[in-house]
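User: Could you go through this model with me? I'd like to ask about a few spots in turn.

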Amino acid sequence: MRKMSMDDRLALNAFNTDEENPHIDVDTEYTDEAEIKKLLLACPAECYKYIDGKLVFSWLGCLECGTCRVLSHDKIVKAWHHPMSGVGVQYRQG
Ligand code: SF4
C-alpha cells in the first residue's frame, strides 16, 4: 500500500466554508518578517502567504488547528474562533 503524501491526505478533507464570515481576523498590515515567517512555516494548510513583501491570508482552506493563534501571541492573529456549526473542515483521514 502506497504511503499517502500530506497533499493527498488534505485533498480528502471536505470543506463547507463560510466565505462571508472569516473565523480568523489577521492583521495583513503587519510587517515583522520574523513573526510572519513563523506562520508561513507552521500553517499546515498554507493559508498564509508572503507575496511581494505583503502578508496575504485566506481562511478558506483552514484546518482549524489553532496553531497560528498560539504562535501569533495576538500580534498578527487578532481574533480566532471556530466557524459556526456545520461550517468548516470535515476530516476524512483522522
Ligand atoms: S488555524 Fe491552523 S490551518 Fe487554520 S490558518 Fe491557523 S495554522 Fe492555518
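User: At the start of helix 2, which atom does a side-chain oxygen of Asp 32 reach?
Analyst: In this predicted model, a side-chain oxygen of Asp 32 comes to within 3.0 Å of the backbone nitrogen of Ala 34, at the start of helix 2.

User: And which residues of helix 2 are buried?
Analyst: Helix 2 spans residues 33-42, and its buried residues are Glu 35, Ile 36 and Leu 39. They lie on the same side of the helix, because the arc they cover around the axis is only 100°.

User: What do those buried residues pack against?
Analyst: Their partners are strand 3 (48-51), strand 4 (54-57), helix 3 (67-72) and strand 5 (77-80).

User: Which exposed residues are on the face turned away from the buried side?
Analyst: That face of helix 2 carries Glu 33, Ala 34, Lys 37 and Leu 41, which are exposed.

User: Switching topic: is Asn 13 buried or exposed?
Analyst: Asn 13, found in the loop between helix 1 (6-12) and strand 1 (14-16), has a relative accessible area of 12%, and because the cut-off for buried is under 20%, Asn 13 counts as buried.

User: What is Asn 13 in contact with, leaving aside its neighbours within four places in sequence?
Analyst: Asn 13 then touches Leu 63, Val 89, Gln 90, Tyr 91, Arg 92 and Gln 93. As for Arg 92, its backbone nitrogen lies 3.3 Å from a polar atom of the Asn 13 side chain.

User: Last one, the ligand: which residues come nearest?
Analyst: Of the 14 residues around the ligand, the nearest are Cys 43, Cys 62, Cys 65, Gly 66 and Cys 68. By class, the shell consists of 11 nonpolar, 2 polar and 1 charged residues.

Terms used: Residues are numbered from 1 along each chain as its sequence is written. This is a predicted model: local features need pLDDT of at least 70, side-chain atom pairs count only at pLDDT 80 or more; totals for chains, interfaces and linings use all residues. Side-chain values use heavy atoms; hydrogens and water are left out. Helices (H or I, at least four residues) and strands (E, at least two) are DSSP runs, numbered from the N terminus. Buried means under 20% relative accessible area, exposed over 50%, partly exposed in between (1.4 Å probe, protein chains only). A polar contact is a pair of N or O atoms within 3.5 Å; within protein, one must be able to donate a hydrogen and the other to accept it, and residues adjacent in sequence count only if both atoms are side-chain atoms. Contact means heavy atoms within 4.5 Å. The arc is that of the directions from the helix axis to the C-beta atoms. A residue is near a molecule or strand if one of its heavy atoms lies within 4 Å of it. Ala, Val, Leu, Ile, Met, Phe, Trp, Tyr, Cys and Pro count as nonpolar, Asp, Glu, Lys and Arg as charged, and the others, Gly among them, as polar.
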